[in-house]
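I opened this model to go through its strands, helices, packing and backbone angles. My notes follow in the order of the look-ups.

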Amino acid sequence: MTSRSSNPPGPGRRAVELSAFTGEVAAELEIPDLETEVARLTDPSAAVETLHWGRNYLYRAVLETAAGPRDAPVDVVVKQFRTQGRLDALRRRLRGSKAALSWQMAWRFLDAGLPTAPPLLWLESKRPQGPSFFITAYLKGVTEARYLLRAANEGRLEEDFPQIDFPGFLERLGQLLRRMHEAQIWHRDLSIGNVLLAPVGNVPDPVVPELYIVDLNRARGGRKLTSSERARDLCRLALFRPEHQEALLRAYWGREPHGYERRLYRFYHRGFLRKIETKKQIRGGLRSFRELFKVRRPHAHIPQAPEGASARDKIVWDHLSDQPHQHASRLEKLLVRATDLGGHLESAATVALAVPRIGIRYRRLKRQLPEPWSGALEDHPSLGVPSPAPVLGELGIGLRPYPENPEALLAAIDDLGARSALLRLHPWQDEHDAEEELARELAGRGIELSFSLPQNRQLVKDPERWQASIEELAERFLPFGRTFQIGQAINRSKWGVWNPREYVELADRAAEVLRARGDVQLLGPAVIDFEYHATAAMLNLRRLKMSFDAVAALLYVDRRGAPENLQAGLDTVGKVVLLKAIAETAKKSSGRCWITEVNWPLWEGPHSPAGKDVSVDEESQADYLVRYALLALGTGMVERVFWWQLVARGYGLATPAEDGLRRRPSFQAMATLLRELRGAGILGPLTAAEPARLYLFQRQGFEDPAKGLTVVGWSTGEAVAVRPEALAGRSFQRVVERDGGESSLPDSGELRLTASPRYFHLAD
């Protein structure tokens, strides 16, 4: 059967036939090298900004036209549609791809004089399971109608949108939708996110914004709409107040709606709300069952698994999130685990034998943590200690080379102020010149370098090659640093390790090579997330010959949200104490601990290393970075914490931008933390009722116990004002915000706390 997307292009369009794609382009658009530009634009690494991350991925990019991107940049929106399974592929074959449908309907909109984002290009992969792309001009400054309607439903229009004439908006919206239906277009997905408001700027009186309708791939056209179809479009708009619904219907019909028209709208509106609620309940109840058997649907940019690969080998590299991707389903992974049952039982027995001594040590370490102080500051038992233990001097940064702009990377490192860096090397690579040059630059700046040596599946299967790679890397990088982490996320099969035996061979071979080079420090086993049973098993496994100089953990807590949140009854502090207890009681450890990787992923689509459910906004990321570092390092039980990494789109402190690097709030937050508290001694928490958190530090260089004192505080909930007894009568020298700016001095003894940590420097 012939696909709709194979029809001849209409007026104003011309056909596109490329090596990997077919499609059409707007006739007036001149692109010098269409093949190269399409390849670049359809790779999400071209994204300047993530606009939507859901079933499909929308991102803003810059299209290179005949005049060149610097002379005449064209901001575009790229909507990537994934072909998810055979049913999707069949629909695409019969009706055309979603991108083709969006393209055809966008031109129908323009022909009818209806406002939508100007269509520029649509592309369809020649692979049946490949993605399709719909590319339009970028509508700068637009706002989704969802926010306006949400404010209207909650009675906050004057507060949130004083510049919008809401009755006029409803009238314009109703008239626009009537014009759309009269043009024989049935949208079929008219949600409040698909109606966009043009910016109105600062105006003295409320105005009616221009409107755009987008997301057209479900739309149908070419015949007169029934009353039922009209009502099914209108009912999707989230208008819950009767007066707003009536205003929309009057504007739509140009008169008072007839009784049957009103009843039909309300019938469909109630049904639509019930449908949404029912879907949520069904999806929630079946989620666990579906997760076990579903086939993973990777982002479109991720390569397919090697043809004929076994379940153990369905691993490919995701260049956007800078980590491997596992194509094997949960059921396939479960079957592999069953095959390796003997090794897992050995690990379980090892953990069971270690649990009693770990528990005893954990309880002792918990008692060593300072209790919240409630007395007068001058009576604090820790004041006057000659050399308080440093706590934040070893907050470091994880790195990879940034070949696109190495000068910007080095400038960011200088401005960040970190004195410790963890450079990840990839032993499977043939070339390491960029890493060596970066290591040389960092060492020349006096930054203490450590190196991470991750594995992949090919190296796990070929330990001889792994050993040869470690020998080469040791020769090249030992002049710049003598600390090496052996392995990466060994409890995640996507990193290539399926059972303890595989990691043991890698670790012993690497240790043999590195120890032969003299005085080196070896870290491991680099278990990721709060899965300390894997750490305890490996550190006590008899078959492991080598011993670690410090335990390395990739202690992510993002799935719990804030670092103070509990998991199995433990917050970040409790998890750090447990890590220390495991390290101090292990047979293959010296008892020291490092956290070599942590971050909070951002809402940036496939650039994010984790799913949507655990991603946060940039402000939360900055807050959590500071709070995590204070909580973890403040225990005194981990020597270093490294944020992964400095430059990355989905999680880094800085992100690539058109003019170099954009430094996120988390960059400024880390720089401020290092500047304000580097080398400070923690004197412990101060008593404060939840949600307030207060910690007292004495900065370096102050021998007088009453000087150099700083209180860092934040709230884990709503903003609060607290007045700790310990600060009674003490004035403040200055107050520093999370990002380094100074704010007005508070009333004596009163601290105003929000989710963003603040530094209250007490007067000497």
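**Entry 1: a strand pair.** The model is predicted. I began with strand E25, residues 681–685, and found it mostly covered, with four of its five residues buried. I then looked for its partner: E25 pairs with strand E26, residues 692–698, in the antiparallel sense over four bridges. For one bridge I noted the residues, and Pro-685 has Tyr-695 in E26 as its partner.

Entry 2: Pro-525 sits in strand E19, residues 521–528. For context, most peptide bonds are trans.

**Entry 3: nonpolar cores.** Which residues touch the most other members of the largest nonpolar core? They are Ile-397 and Leu-646, in a core of 126 residues. Helix H19, residues 618–633, gives the largest share of this core, 10 residues. Apart from this core I found another, of 66 residues, including Val-38, Ala-100, Phe-109 and Ile-164. I then went back to Leu-646 and listed what it touches, leaving out residues up to four places away in sequence. Among them are Ile-397, Gly-398 and Leu-399, then Leu-409, Ala-412, Ile-413 and Leu-416. Gly-652, Leu-653, Ala-654 and Phe-667 also touch Leu-646.

**Entry 4: helix H6.** Helix H6 covers residues 166–182, 17 residues in total. From first C-alpha to last I get 24 Å, close to the 24 Å expected at 1.5 Å a residue. What caps the N-terminal end of H6? Asp-165 does, with a side-chain oxygen 3.1 Å from the backbone nitrogen of Gly-168. The buried residues of H6 include Phe-166, Phe-169, Leu-170, Leu-173, Leu-176, Leu-177 and Met-180. Gly-168, Gly-174 and His-181 are also among the buried residues of H6. I kept in mind that residues three or four places apart in an α-helix point the same way, because there are 3.6 residues a turn.

**Entry 5: positive phi.** Gln-184 has phi near 65 degrees and lies in the loop between H6 and strand E9 (185–186). Is Gln-184 buried, exposed or partly exposed? Its relative accessibility is 31%, so Gln-184 counts as partly exposed. Ala-568 has phi near 55 degrees. I placed Ala-568 in the loop between strand E20 (550–554) and helix H18 (572–585). Ala-568 counts as exposed because its relative accessible area is 73%.

**Entry 6: Thr-585.** I stayed with helix H18, where Thr-585 is found. Thr-585 counts as buried because its relative accessible area is 16%, and the cut-off is under 20%. The Thr-585 side chain reaches the backbone oxygen of Ile-582 at 3.3 Å. Leaving aside neighbours within four places in sequence, I found Thr-585 in contact with Arg-357, Ile-358, Arg-361 and Asn-540.

**Entry 7: aromatic pairs.** How many aromatic pairs are there? The count comes to 17. I looked up Tyr-57 and Tyr-59, which form a tilted pair with 5.1 Å centre to centre and 35 degrees between the planes. Tyr-57 counts as buried because its relative accessibility is 2%. Tyr-59 is at 0% relative accessibility and therefore also counts as buried. Trp-600 and Tyr-624 form another tilted pair, at 5.3 Å centre to centre and 55 degrees between the planes. This pair links distant parts of the chain, 24 residues apart. Trp-600 is in the loop between strand E21 (593–598) and H19, whereas Tyr-624 is in H19. Both Trp-600 and Tyr-624 are buried. Finally I noted one aromatic cluster formed by Trp-317, Trp-428 and Trp-495.

Note on methods:
Residues numbered from 1 in each chain as written. Predicted model: local features only at pLDDT ≥ 70, side-chain atom pairs only at ≥ 80, totals over all residues. Heavy atoms only, no water. Buried < 20%, exposed > 50% of the residue type's maximum accessible area, 1.4 Å probe, protein only. Helix = DSSP H or I, 4+ residues; strand = E, 2+ residues; numbered from the N terminus. Pairing = 2+ DSSP bridges. Core = buried A, V, L, I, M, F, W, Y, C linked by side-chain atoms within 4.5 Å. Contact = heavy atoms within 4.5 Å. Expected span 1.5 Å × (residues − 1). Polar contact = N/O pair within 3.5 Å; in protein donor to acceptor, adjacent residues only side chain to side chain. Phe/Tyr/Trp six-rings, centres within 6.5 Å; stacked < 30°, edge-to-face > 60°.
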